[in-house]
Amino acid sequence: KYFTQMTIIHDFSIIPASLANMILPEDENFLLIFRREAPLDNSVDFMQIWRKYDVDCSGYISAQELKAFLKDLFQQHHKEVPSDKLEEYTDTMMKIFDKNKDGRLDLNDLARILALEENFLLQFQINACSKEERKRDFQKIFDHYDVSKTGALEGPEVDGFVKDMMELVRPNITGSELDKLRAVLLRHCDVNKDGKIQRNELALCLGVKAKP
């Protein structure tokens with residue numbers, strides 16, 4: 001697989017202990033699952049999780065899909081959770097993070113659950129710098145999203161880049177909007193039509209002369 005299952009599962013246990021203690025049921029086994037020192041710091045990892053659990057590709061995480069997420073999380077940490085407890089935890093998470101109370105989680109809801117760090121692209125001001133600075137910043141940006149270090153963005157790497165790029169303009173994009181924007185980016189940037197975005201292809205799209 002493009003990323004191993006263990007890598008995906010490793011990134012589940014992101015909710016800080018302080019947040020977990022405030023909002024989740026008072027069950028030690030449950031709280032221990034969410035105790036991690038560092039938040040999720042890359043939208044690529046976030047989009048891996050999103051794609052894995054948005055099983056029906058609806059652009060949302062349903063209660064059943066959230067339950068599957070929690071079930072896998074417990075299993076990977078060797079925790080035995082009765083079905084009624086799993087239902088309770090799922091209901092609690094939905095009540096807390098489903099902001100508009102429509103019975104499903106959108107991209108931003110899941111980002112809150114996973115404590116996704118601030119948009120990586122916010123640190124760059126590409127339109128306000130010199131050509132050399134733009135070239136340097138482009139290299140940093142591409143390397144950040146090229147998690148697999150293949151020299152091309154593919155799968156969740158493209159998703160993560162699109163998510164961060166569009167949220168500079170619209171902070172609350174939906175899963176279905178992300179899919180449409182992803183298709184647009186690939187249509188315009190994927191010159192050789194291999195389903196990936198090479199470094200030079202993205203540079204061309206962004207008007208940057210990349211290093212060879």
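First, a term. A crossing is left-handed if the near helix is turned anticlockwise from the far one by less than a right angle, and right-handed if clockwise. Helices here are DSSP runs of H or I with at least four residues, strands are runs of E with at least two, and both are numbered from the N terminus.

Some ground rules. This is a predicted model, where local features need pLDDT of at least 70, side-chain atom pairs count only at pLDDT 80 or more, and totals for chains, interfaces and linings use all residues. Residues are numbered from 1 along each chain as its sequence is written, and side-chain values use heavy atoms, with hydrogens and water left out.

Start with helix 5, residues 63-76, and helix 6, residues 83-97. They pack at an angle of about 120 degrees, with axes 9 Å apart. Axes are lines fitted to C-alpha atoms, for helices over the stretch in contact, and angles run from 0 to 180 degrees between N-to-C directions. That makes helix 5 oblique to helix 6. On the scale used, under 35 degrees is roughly parallel, over 145 roughly antiparallel, 65 to 115 roughly perpendicular, and the rest oblique. The crossing of helix 5 and helix 6 is right-handed.

Who touches whom? Contact means heavy atoms within 4.5 Å. Helix 5 contributes A63, L66, K67, L70, K71 and F74, and helix 6 brings L86, E87, Y89, T90, M93 and M94.

Next, helix 4 and helix 10, residues 175-189. Their axes come within 13 Å and cross at roughly 110 degrees. So helix 4 is roughly perpendicular to helix 10. This crossing of helix 4 and helix 10 is left-handed. M47, W50 and R51 of helix 4 meet G175, L178, D179 and R182 of helix 10.

Helix 10 has another partner, helix 9. The two pack at about 105 degrees, axes 10 Å apart. That makes helix 9 roughly perpendicular to helix 10. On the helix 10 side, the contact residues are L178, L181, R182 and L185.

Last stop, helix 8, residues 131-145. Which of its residues are buried? D137, F138, Q139, I141, F142, H144 and Y145. Buried means under 20% relative accessible area, exposed over 50%, partly exposed in between, with a 1.4 Å probe and protein chains only. And what covers them? The cover includes helix 4, helix 9 and helix 11, plus strand 3 and strand 4.
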